Amino acid sequence: MSGLGEASNTVRDTGTAGAAGRAREAARERVLLVGATGVLGAPTLRALVAAGHEVHGTSRSAARLAEVERAGGHGLVLDALDPGAIEAAIEASRPTAVVFLATDLAGLDYGANARLREIGAPALVAAARRAGVARVVFESISWAPDDPPVAALERSVAGHPGGVVLRFGLLYGPGTWYAADGAFTALAAAGAVNAIAQVTNWLHVDDAVAAAVEALDWPAGAYDLVDDEPAALDDWADVLATRAGFTGGAVATSARGAARVTDASAARALGWRPRHPSWRDGLGLG
């Protein structure tokens, strides 16, 4: 696992990956999409259905299964921290691929989100492997893959022969904290900007969706997925605050003194390109 300051794009089993990927391209997958009603999961559900895949989408809330059905999927209730529920979801959906985009951040509860990565993700990978699921695609983060909960998720996915880790940059765009109506945009409107690091690698949510769908055909490995312009905190903080309506210079603080350098070259080699190459075009605008 790379430390801070190192670029990382680990790709395994690349010898026959191109041919295998092309062979899978035309295949209609039966996808178990965990977190199908979230900021990233909901548009990914729509994109998977549009691509011709059969999608079984999960939510913790039975009340939200109607959203999955309206989008063309089959709804399943799933508590991703419950091993029995995971087994039942896999048995019910009989997936050829599992895509994990679940988060627990609605209340800015980082501890709950960490439990999903540290407990839920490994349990889901193990259950998928026991069931013979050929491909698992899991959301991770580009800025701290060595944090313990993130590392636990990535280790579990690496243990699956068809495991793909998507290390997304910090997401912006519709539904995110940095949308026009997002929580962090509201803070920026008052002149306060908090960051994960002194330099941020961004990714528009639409580009994350595209990567999640394309990754069904990617070789096993871990991929950094970021836009083309790493952003210094003092640069983007003022942009976000100004677009949020604050004038006078934002007060910007960082949780980390250093930033991990990301490298999207492995994904680019497979044809992935961000449609939003710079955060400057949309940060805070929804």
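Analyst: Contact here means heavy atoms within 4.5 Å. The model under discussion is a predicted one.

User: Which residues does T176 touch, not counting residues up to four places away in sequence?

Analyst: T176 is located in the loop that runs between β7 (170-172) and α7 (183-189). Once residues up to four places away in sequence are set aside, the residues that T176 touches are V39, L171, G182 and V205.

User: Is T176 buried or exposed?

Analyst: A residue counts as buried under 20% relative accessible area. T176 has 8% relative accessibility, and therefore T176 counts as buried.

User: Which backbone oxygen does the side chain of T176 reach?

Analyst: The distance of this approach is 2.7 Å. The side chain of T176 reaches the backbone oxygen of G173.

User: Which residue is the bridge partner of V136 in β6?

Analyst: β5 and β6 run parallel and are joined by six bridges. For V136, the bridge partner in β6 is G163.

User: How many of the 11 residues of helix α6 are buried?

Analyst: Helix α6 spans residues 148-158 and is mostly covered. What covers its buried residues includes β4 (97-100), α5 (110-130), β5 (135-141) and β6 (163-168). The buried residues are P149, V150, A151, A152, L153, E154, S156 and V157. The number of buried residues in α6 is eight.

User: With which residue does E154 meet in a salt bridge?

Analyst: The N to O distance in this salt bridge is 2.6 Å. The pair links distant parts of the chain, 13 residues apart, with E154 in helix α6 and its partner in strand β6. Both E154 and R167 are buried. The residue that E154 meets is R167.

User: How far apart in sequence are the parts that R130 and E87 tie together?

Analyst: R130 forms a salt bridge with E87, and their closest N and O atoms are 2.2 Å apart. R130 belongs to helix α5 and E87 to helix α4 (residues 83-93), so the pair ties together parts at a sequence separation of 43 residues.

User: Is R130 exposed or buried?

Analyst: Exposed means over 50% relative accessible area. E87, its salt-bridge partner, counts as partly exposed because its relative accessibility is 32%. R130 has 59% relative accessibility and so counts as exposed.

User: What is the distance between the closest N and O atoms of R64 and E67?

Analyst: R64 counts as partly exposed because its relative accessibility is 33%. E67 also counts as partly exposed, at 30% relative accessibility. R64 and E67 form a salt bridge in which the closest N and O atoms are separated by 2.9 Å.

User: How many salt bridges does the count come to?

Analyst: Side chains of opposite charge can pair when their charged atoms come close. R28, R30 and E54 are linked in a network of salt bridges. The count of salt bridges comes to nine.

Definitions and conventions:
Residues numbered from 1 in each chain as written. Predicted model: local features only at pLDDT ≥ 70, side-chain atom pairs only at ≥ 80, totals over all residues. Heavy atoms only, no water. Buried < 20%, exposed > 50% of the residue type's maximum accessible area, 1.4 Å probe, protein only. Helix = DSSP H or I, 4+ residues; strand = E, 2+ residues; numbered from the N terminus. Polar contact = N/O pair within 3.5 Å; in protein donor to acceptor, adjacent residues only side chain to side chain. Salt bridge = Lys/Arg side-chain N within 4 Å of Asp/Glu carboxyl O. Pairing = 2+ DSSP bridges.
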